Amino acid sequence: MQKKQKILVANWKMNPTSLKEGEKLFDSIAKTAKQAKNVLTIISPPSIFLPSLAKRTKSSKLRFGAQDAYFENEGAYTGLTSVKQVRSSGATYLIIGHSEVRARGEQEDFIQKKIRAALAEEITPILCIGEKERDDQGTFFEILANQLESALHGLPFYKITSVVLAYEPVWAIGKDAKRSATPQEAEETALVIRKYLFTQYGKDVASSVRILYGGSVDDMSVKDFLEIPSIQGLLIGRASLDKTIFSKIITLADSI
Ligand code: PGA
């Protein structure tokens, strides 16, 4: 039986400290990524490293993503990098609405504009959604629905199918995380997200949108998450900065 392709997004955040280290980490990961037939690895380094890294290898198993970009194409926006600029430096994916960006004040209308700008440049948006707290009554589903509603508002259905969704519960992300979500929690949430997509946009959109899980994933948990049929991949922070662990994650993902 043909195995389904898994997506692994490496979110390097503001790491490593130098381009030289970034190149070393990339070269080591790229070796494994190129051989993994059933995995698409998307490396998202700091944008300033993109042009150098993107030149280092060409493989259909490896792509590049930016961690954020601004929706205007040019102008007086000191310190910002546009979607068009990240596209020209080799990225074909863009993480949008990551909780760390939202925590710095990202507004829902900016998220919506960034998705549109990415699609206009033929960049695949990776839209992050997630609740700050998970309650037993399931009211956090409403938060996810609101985030989806405003981010995808007004987009034609055929464009929504190319958006990748990353369910990233804020409480499960980063070194201060209490814990990772359990595979059951991730599965339950992915199903609720699909149900929402079904209600809003119909069967085709609901079945074709790819959903990733992110939050404290490591080599021990990767298989449990990827064995869930409603989850197509993972967004990985800390564990993507360790060449040995991340290579192991790629190999494990390839085996499922
Ligand atoms: P983590 O980060 O894997 O280090 O928890 C995930 C993320 O922030 O996307």
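This is a predicted model: local features need pLDDT of at least 70, side-chain atom pairs count only at pLDDT 80 or more; totals for chains, interfaces and linings use all residues.
We can begin with strand β3, which spans residues 62-66 and is mostly covered, with 4 of its 5 residues buried. Strand β2 (residues 39-44) runs parallel to β3, and 3 bridges join the two. Within this pairing, I42 has R63 of β3 as its bridge partner. Strand β3 is also joined to strand β4 (residues 93-96), again in parallel, by 2 bridges. Here A66 stands opposite L94 of β4. Between β3 and β4 the chain passes through helix α3 (residues 83-88), giving a β-α-β crossover that is right-handed.

A probe the size of a water molecule, rolled over the atoms, shows where empty space is left. The largest pocket holds about 540 Å³ of space. Its lining comprises 22 residues, of which S47, Q67, D68, V101 and R104 are the closest to the pocket centre. Two or more lining residues come from each of the elements α4 (99-103) and α5 (108-120). By class, 10 residues of this lining are nonpolar, 6 are polar and 6 are charged.

The second largest pocket has a volume of about 290 Å³. Residues K4, Q5, K6 and I7 are among those that line this pocket, and R210 belongs to the lining as well.

Methods. Residues are numbered from 1 along each chain as its sequence is written. Side-chain values use heavy atoms; hydrogens and water are left out. On a 1 Å grid over the protein atoms alone, a cavity is a set of points where a 1.4 Å probe fits but cannot get out, and a pocket is an open set with protein on both sides within 12 Å along at least five of seven lines; lining residues have an atom within 4 Å of a point. Grid points are joined across faces, edges and corners, and a volume is the space filled by probe spheres set on the points. Ala, Val, Leu, Ile, Met, Phe, Trp, Tyr, Cys and Pro count as nonpolar, Asp, Glu, Lys and Arg as charged, and the others, Gly among them, as polar. Buried means under 20% relative accessible area, exposed over 50%, partly exposed in between (1.4 Å probe, protein chains only). Two strands pair if DSSP finds at least two bridges between them. A crossover is right-handed if, with the strands pointing away from the viewer, the path from the first strand over the helix to the second runs clockwise.
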